[in-house]
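My plan is to look up a few contacts, then the fold, then how the chains sit together.

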2 protein chains.
Amino acid sequence: MAGQQPERKRQERGRRRMEQLADAAAEVFAETGYAKATTNAIAARAGVSPGTLYQFFANKEAIAEVLAQRYRAALQAAHDKAFDPGFATLPLPDLIDRMIGPMIEVNVANPGFKALFNAADMPERLAAPTRQLHQAVVGKIAEVLATRAPDMSEESVRTTAVVATQIFGALLNTVVAAPEAEREVWITELKRALRGYLEPIIGA
Amino acid sequence: MAGQQPERKRQERGRRRMEQLADAAAEVFAETGYAKATTNAIAARAGVSPGTLYQFFANKEAIAEVLAQRYRAALQAAHDKAFDPGFATLPLPDLIDRMIGPMIEVNVANPGFKALFNAADMPERLAAPTRQLHQAVVGKIAEVLATRAPDMSEESVRTTAVVATQIFGALLNTVVAAPEAEREVWITELKRALRGYLEPIIGA
DNA sequence: CGAAATTACGAGTGATTGCTCGTATTTGTC
DNA sequence: GACAAATACGAGCAATCACTCGTAATTTCG
C-alpha cells in the first residue's frame, strides 16, 4: 500500500529522505521540465528506489507540490521585504532598488522554479496558486503607484503595474540565468529599464 | 512502411491533408504543449486516422518541424520589413513604431508559436533554429544602436540590444494574449517602455 | 530481547502513446 | 475499363512511465 493521506509518523531518517527527494526533484524538473521528468529519474537522483519515493509522496504531483510550497513561502517572504511601507516615499531609483533586491535574491536562490511554475505542462492545480501570488504583487505595485501619482486613472495604474512586472519578470530570467560575474550588469540594466518606463509616468 | 524520406509524389488531396494536419497540430500544440500533445489527438483534430497522419509525416517531430518552418519563414519576412535601412535615421519613437509593427503582426497571426518554440519540452533540434533567428535580431538591433550612438562601447550596445528585445518579448506575449479590443493599449505601453529604456541611453 | 512501526527495495503491472502494417478505397493515366 | 500509385483506415505492437506490492532491513520503544 501507499498514498499516505493522513501523514504517517515520520522518523528523522524519513524527513531527511523527503528533503533529499525534493531536492532531487527540483534538479530533475529544472533540467527536463515537469512533463518529461520521470519519477524513477527523481528517485535515482536521490539515490533511492522508486518504491521508496512512493513511501513519502502519493504521486508525481505531490512532489511538485512541496516544491511549490517551498517556492511560495520564499516568494512570500521576499514580498514582505520588498513592500516595506517605509519605501513609499523614497525617490524612484531608491524605491526600485529596495523592491527588486529581495525578489532577485529569492529567484537566484531557487533557479528554475519561476520557469517551472509558469510552464504549460505543469498541472493547473500547482500553477494557479503561484499565479495568484503574482497577481497580488501586481496589486501591491498598483497601490504604490497610486499613492505616488494620485491623478492617474485606476485603469492606467493597473496597466502600468502590469507592464512594470512584465519588464521585471523578463529581465529577472536573464539575471538568474547569467553567471555570477555578469549578474550585476544585468541588474543595473533591469533598474534602468524600470526607471525609464516609470519615470515619465509617475515622475522621480 | 512509412517514413518517406525521399518525399513520395503528392496529389492535390495529399497536399491538402498535410495542411489540415499541420493546422490541427498547431492547435493541439498550442493547447497542450509539445510533450503532452498526442499524435492521435492531432489526427483526430484533423479528422483522419492515426495511420493517415503517418502517411505524411515520419514522426511527431516532423509535424512540429513544418510548423517551425512556417514560423521561421513568417518571422524572416517580418524581420525584413522591420529592419528597413531607411528607418535608421528616423526619430526614436518613429523607429520603434516601424520596427515592432511587423513583429507584432506575425506573432498575432501565429499565436502560441512563440511560446511553443521557447518551451522546455520542445526537442532541441527544433528550438535551436528559432533561437538562432532571435540572436540575429539582437545583432541587427545592436547595429542600429551602434550607428545612432557611436560612442557606446560594443559591449554596452550588445547589452542594450539584449535588454530591448527582452522587454519587447515580454510585452509581446501580453499583446498576443490580449483580446483584440485591448491590444492597442498594450502596444502603446510596449512603445512607451522601449522609449523609456532607450531614450536615456541613445537619445531621441 | 522482541514486537510494531517505519524505511527500503526493485521487479512487475496497467495505462498511455508513438508508431506500424495489412488491407481497403480513391485517384491519375493509358 | 484496367492497372499502378497515392490515400485512408484502425486495430494493435512495442516502449515508456507512473505507480504497486510482497518482502526485507532498520529503527523505536517497552
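**Charged pairs**

I started with B:Arg131, which comes out as partly exposed because its relative accessibility is 43%. I note at the outset that this is a predicted model. The partner I found for B:Arg131 is B:Glu124: the two form a salt bridge, and their closest N and O atoms are 2.3 Å apart.

As a general point, side chains of opposite charge can pair when their charged atoms come close.

In chain A, the side chains of A:Glu12 and A:Arg16 meet in a salt bridge, at 3.9 Å from N to O. I checked this distance against the cut-off, which asks for a side-chain nitrogen of Lys or Arg within 4 Å of a carboxyl oxygen of Asp or Glu. Why are A:Glu12 and A:Arg16 separated by about one helical turn? They are 4 residues apart in helix H1 of chain A, which covers residues 12-32. I have both down as partly exposed: A:Glu12 has a relative accessible area of 44%, and A:Arg16 is at 47% relative accessibility.

In chain B I looked at B:Glu12 and B:Arg15. Their side chains meet in a salt bridge of 3.0 Å, N to O. These two residues are 3 apart in helix H1 (residues 12-32) of chain B, so about one helical turn separates them. B:Glu12 counts as partly exposed at 44% relative accessibility. B:Arg15 is also partly exposed, at 44%.

**Two single residues**

I looked up A:Tyr54 next and found it in helix H3 of chain A, residues 50-56. A:Tyr54 has 28% relative accessibility and therefore counts as partly exposed. Its side chain makes a polar contact with the side chain of A:Thr39, at 3.4 Å. I also took a distance from A:Tyr54 to A:Ser153, which is 99 residues away along the chain. The C-alpha atoms of this pair are separated by 53 Å.

Then B:Asn110. Where does B:Asn110 sit in chain B? I find it in the loop between helix H5 (92-109) and helix H6 (113-118). Is B:Asn110 buried or partly exposed? Buried means under 20% relative accessible area, and B:Asn110 is at 18%, so it counts as buried. I left aside its neighbours within four places in sequence, and B:Asn110 is then in contact with B:Tyr71 and B:Ala74.

**Fold of chain A**

I count 9 helices and 0 strands in chain A. Read along the sequence, the pattern is α-α-α-α-α-α-α-α-α. The C-alpha trace of chain A spans about 65 × 40 × 30 Å along its principal axes. Chain A has 204 residues, and 46% of them count as buried. Of the contacts in chain A with a separation of 6 or more, 67% come from residues 24 or more positions apart.

**Chain B against chain A**

I turned to the interface last. There, 19 residues of chain B are in contact with 19 residues of chain A. The two chains bury about 1,800 Å² between them, and 73% of that is on carbon and sulfur atoms. How many salt bridges cross the interface of chain B and chain A? The rule finds 0. Polar contacts do turn up: I count 4 residue pairs between the chains, both residues at pLDDT 80 or more.

On the side of chain B that touches chain A, the elements giving two or more residues are helix H8 (154-177) and helix H9 (180-202) of chain B. By class, this side of chain B has 11 nonpolar, 4 polar and 4 charged residues.

I also checked the symmetry. Chain B superposes on chain A by a rotation of 180° with 0.0 Å of shift along the axis, at an RMSD of 0.0 Å. That is the relation of a two-fold axis. The same surface serves both copies, as 100% of the contact residues of chain B recur in chain A. I looked for the residue of chain B that comes closest to the rotation axis, and it is B:Gly196, with its C-alpha at 2.0 Å.

Methods
Residues are numbered from 1 along each chain as its sequence is written. Chains are lettered from A and ligands numbered from 1 in the order in which they are written. This is a predicted model: local features need pLDDT of at least 70, side-chain atom pairs count only at pLDDT 80 or more; totals for chains, interfaces and linings use all residues. Side-chain values use heavy atoms; hydrogens and water are left out. Copies are superposed by least squares on the C-alpha atoms of residues with pLDDT of at least 70 in both. Contact means heavy atoms within 4.5 Å. Buried means under 20% relative accessible area, exposed over 50%, partly exposed in between (1.4 Å probe, protein chains only). A polar contact is a pair of N or O atoms within 3.5 Å; within protein, one must be able to donate a hydrogen and the other to accept it, and residues adjacent in sequence count only if both atoms are side-chain atoms. Buried area is the accessible area (1.4 Å probe) that two parts lose on being put together, summed over both. Ala, Val, Leu, Ile, Met, Phe, Trp, Tyr, Cys and Pro count as nonpolar, Asp, Glu, Lys and Arg as charged, and the others, Gly among them, as polar.
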